[in-house]
Amino acid sequence: MSFKAIVRELTKEIRDGIGSISRRRGGGEDGKSSARCYRRGKSHIAPDCSSSTSSSLTAFVTIQEQQLSRWANLPPELLLDIIHRVEASETAWPARKDVVACASVCRSWRDITKEIVKTPEQCGSLTFPISLKQPGPRDAPIQCFIKRERATSTYHLYLGLSPALSADTSKLLLAAKKIRRATSTEFVISLVQDDYSRASNSYVGKLRSNFLGTKFSVYDSQPPHDLSIQSNSRSHRRIRPKQVSPKVPAVGNYNVATISYELNVLRTRGPRRMQCTMHSIPISAIQEGGTAPTPMEFKNHHDEQCSLFSISKGKKPLVEFSSTSLAETLESTPNTRDSLVLKNKAPRWHEQLQCWCLNFKGRVTVASVKNFQLVAAAEPHQNVSVAEQEKVILQFGKIGKDIFTMDYRYPLSAFQAFALCLSSFDTKPACE
């Protein structure tokens with residue numbers, strides 16, 4: 001029996017064991033007594049049934065702990081070898097879900113899996129949700145595509161070459177919903193395609209435009225490494241720390257990027273001109289030996305705020321409170337370091353085709369004003385090599401009706417690249 005078959009048998013045995021425990025909990029001896037208990041109304045109290053339910057719940061937890069302890073107590077050397085082989089053999093989705101399954105067995109399996117699985121920059125693969133917030137690989141871009149649903153104003157980011165080539169193997173990475181407001185447009189970005197609530201754990205950030213659609217701001221739900229990047233706020237008022245209610249949902253909106261489209265006052269023909277300032281990525285990330293910020297886990301906003309306000313007791317000065325976000329630092333310092341700036345690569349005019357052209361290397365097949373390629377815009381004193389300045393960090397283009405490709409690489413993450421591409425979908429009459 002091959003090693004892959006052994007791993008599948010182990011996974012199946014775990015699932016069957018937990019499933020049998022669940023059936024034992026719900027059915028009792030003949031499966032009728034518990035059914036009678038749950039069939040009654042909510043206002044009815046049955047003392048005889050509650051005691052049996054409590055005892056069965058205790059038994060279920062005990063049996064489940066015993067069942068999982070066998071897997072948790074595996075020798076570390078054997079467990080390390082097993083997960084190493086699974087991670088090395090399953091390099092692409094949907095087979096890579098076996099790696100995620102290993103991290104779901106128990107805490108010891110999860111800790112070892114997190115140690116083995118590398119970041120996208122190191123291995124070029126997306127495994128866990130946090131991978132969407134980590135920089136892409138340096139050598140080759142991660143190829144994705146975006147599907148636009150006009151009826152629902154939603155946009156879905158998939159991992160794969162295209163819908164035709166990927167078929168059922170496409171992996172949904174992120175989803176966004178377009179919300180039009182009186183003075184702006186927002187794209188709410190989520191990990192799932194059916195929940196766009198900011199109070200949900202699936203919320204990862206948003207993109208907001210100004211009235212003309214010429215300037216966009218990218219907000220991340222997670223605090224960046226640089227604490228000088230402030231959280232989004234509409235109205236501020238000064239309150240004391242004890243006035244903050246712990247029941248208020250804590251959702252951060254940290255401005256990590258700004259996108260500006262150049263106004264086309266003379267209505268000249270040509271592609272849109274855009275510039276992106278990545279506040280959370282320093283210019284040193286693309287310098288020789290530089291690194292980009294790489295979060296390793298999602299932070300708990302509620303715990304952050306509790307610790308934030310607990311240290312501000314006594315006769316401390318008032319703190320700044322935002323009506324839209326509680327996740328702000330006590331003190332703000334000006335951002336003095338240089339941020340990475342991206343600009344769209346200038347196209348060339350093709351005399352025979354009579355159109356503007358860019359080399360997308362076969363990834364874009366339909367001419368559109370939305371198509372673009374982003375490269376680094378560096379000053380001479382910033383010591384960025386010419387090769388790095390010519391390297392395409394993000395490219396986006398149309399391949400069919402409501403189908404677009406998105407290829408990104410270091411130092412951008414999937415979330416940042418998706419947000420930049422979403423800005424191209426908004427109406428910009430002043431830029432065309």
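## A buried charged pair

R96 is buried (under 20% relative accessible area, with exposed over 50% and partly exposed in between, for a 1.4 Å probe and protein chains only), with a relative accessible area of 1%. E87 is also buried, at 15%. The side chains of E87 and R96 form a salt bridge, 2.8 Å from N to O; the term denotes a side-chain nitrogen of Lys or Arg within 4 Å of a carboxyl oxygen of Asp or Glu.

## Basis of the model

The model is predicted: local features need pLDDT of at least 70 and side-chain atom pairs count only at pLDDT 80 or more, while totals for chains, interfaces and linings use all residues. Residues are numbered from 1 along each chain as its sequence is written, and side-chain values use heavy atoms, leaving out hydrogens and water.

## Other salt bridges

The whole structure contains 12 salt bridges. One of them joins R148 and D402, with the closest N and O atoms 2.9 Å apart. R148 lies in strand β1 (residues 142-149) and D402 in the loop between β15 (394-400) and β16 (403-408), so the pair ties together parts 254 residues apart in sequence. Strands (E, at least two residues) and helices (H or I, at least four) are DSSP runs numbered from the N terminus. Both R148 and D402 are buried.

E186 and R208 meet in a salt bridge of 3.0 Å, N to O. E186 is in strand β4 (residues 185-190) and R208 in strand β5 (residues 203-209), 22 residues apart. Shared partners join R181, E186, K206 and R208 into one salt-bridge network.

## Nonpolar cores

A nonpolar core is a set of buried Ala, Val, Leu, Ile, Met, Phe, Trp, Tyr and Cys residues joined through side-chain atoms within 4.5 Å. The largest has 54 residues, and L394, M406 and F418 have the most contacts inside it. Helix α11 (residues 414-422) gives the most to this core, 8 residues. A second, separate core has 16 residues, among them I82, V99, C102 and I112.
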